[in-house]
Amino acid sequence: MGRRGAVGAGRALRPALPPRGGGGGVVDSHAHLDSCDAPATELVAEAAAAGVERIVTIGVGRASSERAVGLAERHPEVWATAGVHPNDADGWSDVDLTWLRELAAHPRVVAIGECGLDFYRDHARPEAQRRAFAAQIGLAREVGLPLVIHTRDAARETLEMLAAEAGDHPVILHCFSLPEHLDEVVERGYWMSFAGPVTFPKSVELHRAAARAPADRLLVETDSPYLAPVPRRGRPNRPANVAHTLRFIADLRRVTEGELDELTTANAARVFGW
């Protein structure tokens, strides 16, 4: 498993953030702080006021991955990932594997990605996406970090590549959008991270998936600045809004908000290893 050993092993790099009353402190498991419409300092403070105590900011290329690490260095509430998004895969080369490996060694980096396949847009050739995806799966296994997966209009092939190349390595399906594959995802033990779309009234299949997802594989996220949940839908998203998604899923699962807060926070700590 590389330098981290088993994913989920704790790292006492900074003092643990104090829990808020009634819950474990919500984790926004996927945000793009460098793409938001406000400084990270403001976003982090606003999130903390809403009970969000940790934010994972996501790398989608070299520049954004380096910015993510910089934000994590400056804000103890923020952690980072490093990866190359499938839409940017056309330029993939061994150079990318080199800088990704270097960033993966940083103590504030908790995952590789987001990476995967996206056949909805034609920003990158499918063969380039497959090459970049396979390389990042291999790197994640090498360094012992979980994979953060983006998939759009490529569900079957994404799952096939993960089955063939990731094995039982920890996988987080970001902005979970595969309710039709829920049984397969559950069988494989993947983490499912639900974002704003689960709160949309017409997302009936996502509602059912969020209600059925195994308790120990459930995460919540914003994907800020995208996909704001009801009642913020249509506006730029911010990490504080993950509280709306948490509340909605708690109602679906017929548990209290505090119970789901503690559950998803513990899940995030286990998969990200902080």
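Reply: Leaving aside residues up to four places away in sequence, Ala82 touches Ser65, Leu100, Leu103, Val109, Ala111, Ile112 and Gly113, where contact means heavy atoms within 4.5 Å. This is a predicted model, in which local features need pLDDT of at least 70 and side-chain atom pairs count only at pLDDT 80 or more, while totals for chains, interfaces and linings use all residues. Residues are numbered from 1 along each chain as its sequence is written, and side-chain values use heavy atoms, with hydrogens and water left out.

Ala82 lies in strand E3 (residues 78-82); helices (H or I, at least four residues) and strands (E, at least two) are DSSP runs, numbered from the N terminus. Ala82 is buried, at a relative accessible area of 0%. Buried means under 20% relative accessible area, exposed over 50%, and partly exposed in between, with a 1.4 Å probe and protein chains only. Between the C-alpha atoms of Ala82 and Ala45, 37 residues apart along the chain, the separation is 24 Å.

Among the residues that Ala82 touches are Ser65 and Leu103, and both also belong to the contact between helices H2 and H3. Helix H2 (residues 62-74) packs against H3 at an angle of about 5°, the axes being 11 Å apart. Axes are lines fitted to C-alpha atoms, for helices over the stretch in contact, and angles run from 0 to 180 degrees between N-to-C directions. H2 is therefore roughly parallel to H3; angles under 35 degrees count as roughly parallel, over 145 as roughly antiparallel, 65 to 115 as roughly perpendicular and the rest as oblique. H2 contributes Arg62, Ser65, Glu66 and Val69 to the contact, and H3 contributes Val95, Trp99 and Leu103.

After H4 comes Gly144, with a positive phi near 75°.

In H5, the buried residues are Ala155, Thr158, Leu159, Met161, Leu162 and Ala166. Viewed down the H5 axis they fall within an arc of 160°, so they line one face of the helix; the arc is that of the directions from the helix axis to the C-beta atoms. Their cover includes E4, H4, E5, strand E6 (171-173) and helix H6 (182-188). Gly167 follows H5, and its phi is positive, near 60°.
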